[in-house]
Amino acid sequence: MAEYLASIFGTEDKVNCSFYFKIGACRHGDRCSRLHNKPTFSQTIVLLNLYQNPQNTAQTADGSHCHVSDEEVQEHYDNFFEEVFTELQEKYGEIEEMNVCDNLGDHLVGNVYVKFRREEDAERAVAELNNRWFNGQAVHAELSPVTDFRESCCRQYEMGECTRGGFCNFMHLRPISRNLQRQLYGRGPRHRSPPRSHTGHRPRERNRRHSPDHRHGRF
Ligand SMILES: [Zn+2]
Ligand SMILES: [Zn+2]
């Protein structure tokens, strides 16, 4: 495991959990032997296990899986995404980006990460959302240390080559349809844009911790 982490991050941090730092979730949860430094301020919040992919949950009474087509799943997902995005932006303030994990591991499945433009909006959202219910389940919201989703995502997944599948410990983000992208963001998702379009509009990030050793790790 240590060698595995070292191969990913370049150097191994024996104190802080690199997974929590970069991804905001770690499969060991509270039993992790390394520290999960929960941020006191952040632009980003995570709504844990909020999205339920009907392909994972649809089961008939005899336990066999119902067939849900890819188109139905995409439509269901786009509706979910639009509803959450629109409501949070109207209630709490401008959203820079929102991402949803399609992973299957308990600590990542259905996690919704919302990065607001302002930390105050994120703080208020966490406080209020923890009193809310969604689809019959209590919402669990917390501030997340994630600031740069390019560092939390599985690069192999983006190239269609992740061999770890749904139980990968890096984010497998589910894309929304192009129409919805245009509607919500106006110019496509930022983290998937070609590098040249990133110049000029990267926000200042007050909550980014100094972490020189973690910047250039390969997944
Ligand atoms: Zn951990
Ligand atoms: Zn992966």
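Q: What spacing do the donors of the zinc ion (ligand 1) follow along the chain?
A: The spacing is C-x8-C-x5-C-x3-H, where donors are N, O and S atoms within 2.8 Å of the metal (3.2 Å for Na, K and Ca), with water not among the atoms. This is a predicted model, in which local features need pLDDT of at least 70, side-chain atom pairs count only at pLDDT 80 or more, and totals for chains, interfaces and linings use all residues. Residues are numbered from 1 along each chain, chains are lettered from A and ligands numbered from 1 as written, and side-chain values use heavy atoms, without hydrogens or water.

Q: Which atoms coordinate the zinc ion?
A: C17 (SG), C26 (SG), C32 (SG) and H36 (NE2), at 2.1 to 2.4 Å.

Q: And what geometry does the site have?
A: The site is tetrahedral, with angles of 105 to 116° among the 4 donor atoms; the cut-off is all angles between 85 and 135 degrees.

Q: Where do C17 and H36 lie?
A: C17 is in the loop between α1 (2-9) and α2 (18-23), and H36 in the loop between α2 and β1 (44-47), so the pair ties together parts 19 residues apart in sequence. Helices (H or I, at least four residues) and strands (E, at least two) are DSSP runs.

Q: Are those two buried or exposed?
A: Both C17 and H36 are buried, meaning under 20% relative accessible area.

Q: Switching to strands: how many residues of β2 are buried?
A: 6 of its 6, over residues 95-100.

Q: What does β2 join to?
A: Strand β3 (residues 112-116), antiparallel, through 5 bridges; pairing takes at least two DSSP bridges.

Q: Which β3 residue partners I95?
A: F116 is its bridge partner.

Terms used. Buried means under 20% relative accessible area, exposed over 50%, partly exposed in between (1.4 Å probe, protein chains only). Four donors count as tetrahedral if all angles lie between 85 and 135 degrees; four count as square planar and six as octahedral if opposite donors are over 155 degrees apart and all others between 65 and 115; anything else is irregular.
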